[in-house]
Amino acid sequence: MLISIVSNDLEEEYSHIMKKFNMNGGTSIRGFGSISPEKIEKIFNINVTPQKNILFTVDKTEKINQAYLNILENDKLMSEHVGVYFTLPLVEAYGLYNQD
């Protein structure tokens, strides 16, 4: 499973990578940061948008790995303070592919 937390304006860039690898199981949830942008700017001296998209993608391990590496090579997605990306292993998942 690939989990990504990105600002709203980067969801399309993320989706482009998922389409590139024909990813099948994806869900997006709207989120909002728990710390005010003003506090973050004051403490860390960075601008942050509190609106985020939490994206869950489930697919075959090979496809997840390819997409993850593609994210790491994407300048927009890897800019500072725009997203967090990580993978989690799944033991089993059903419903993504027809099993003939």
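What is the mean pLDDT of the protein chain, and what share of its residues reach 70 or more? The mean is 84, and 90% of the residues reach 70 or more. This is a predicted model. Where pLDDT is low, the predicted coordinates should not be read in detail.

**Overall layout**

The protein chain has three helices and four strands. Along the sequence they follow the pattern β-α-β-α-β-α-β. The C-alpha atoms fill a box of roughly 55 × 25 × 20 Å, taken along the principal axes. The chain holds 100 residues, and buried ones make up 30% of them. Consider the contacts with a separation of 6 or more: residues 24 or more positions apart account for 77% of these.

Which residues of helix H1 (residues 11-20) are buried? They are Glu11, Tyr14, Ile17 and Met18. Seen down the axis of H1, these buried residues fall within an arc of 125°, so they line one face of the helix. That buried set packs against strand S1 (2-7), strand S2 (25-32), strand S3 (51-58) and H3. The face turned away from the buried side carries exposed residues: Glu12, His16, Lys19 and Lys20.

H1 is followed by asparagine 22. This residue is found in the loop between H1 and S2. Its phi is positive, about 50°, although asparagine 22 is not a glycine. Most residues other than glycine have a negative phi.

Is asparagine 22 buried or exposed? At 54% relative accessibility, asparagine 22 counts as exposed, because the cut-off for that class is over 50%.

Asparagine 22 is also one of the contacts of lysine 63. Lysine 63 lies in helix H3. Its relative accessibility is 18%, so lysine 63 counts as buried; the cut-off here is under 20%. Which residues does lysine 63 touch, leaving aside its neighbours within four places in sequence? They are Phe21, Asn22, Met23, Asn24 and Tyr97.

**Leucine 72**

Helix H3 also holds leucine 72. Leucine 72 is partly exposed, with a relative accessible area of 38%. Leucine 72 and isoleucine 3 are 69 residues apart along the chain, and their C-alpha atoms are separated by 13 Å.

| Residue | Relative accessibility | Class |
|---|---|---|
| Lysine 63 | 18% | buried |
| Leucine 72 | 38% | partly exposed |
| Asparagine 22 | 54% | exposed |

**The largest pocket**

Rolling a probe the size of a water molecule over the atoms shows where empty space is left. How much space lies in the largest pocket? About 390 Å³. The lining consists of 20 residues. Asp59, Lys60, Thr61, Ala93 and Leu96 lie nearest the centre of the pocket. By type, the lining divides into 11 nonpolar, six polar and three charged residues. Which element gives the largest share of this lining? Helix H3 (residues 61-72) does, with three residues.

**Where H3 comes in**

The buried residues of H1 pack against H3, among other elements. H3 holds lysine 63 and leucine 72.

Conventions: Residues numbered from 1 in each chain as written. Predicted model: local features only at pLDDT ≥ 70, side-chain atom pairs only at ≥ 80, totals over all residues. Heavy atoms only, no water. 1 Å grid on protein atoms, 1.4 Å probe; cavity = no way out; pocket = protein on both sides within 12 Å on 5 of 7 lines; lining within 4 Å. Points joined across faces, edges and corners; volume = space filled by probe spheres on them. Helix = DSSP H or I, 4+ residues; strand = E, 2+ residues; numbered from the N terminus. Nonpolar A, V, L, I, M, F, W, Y, C, P; charged D, E, K, R; others polar. Buried < 20%, exposed > 50% of the residue type's maximum accessible area, 1.4 Å probe, protein only. Arc of directions from axis to C-beta. Contact = heavy atoms within 4.5 Å. pLDDT = per-residue confidence, 0-100.
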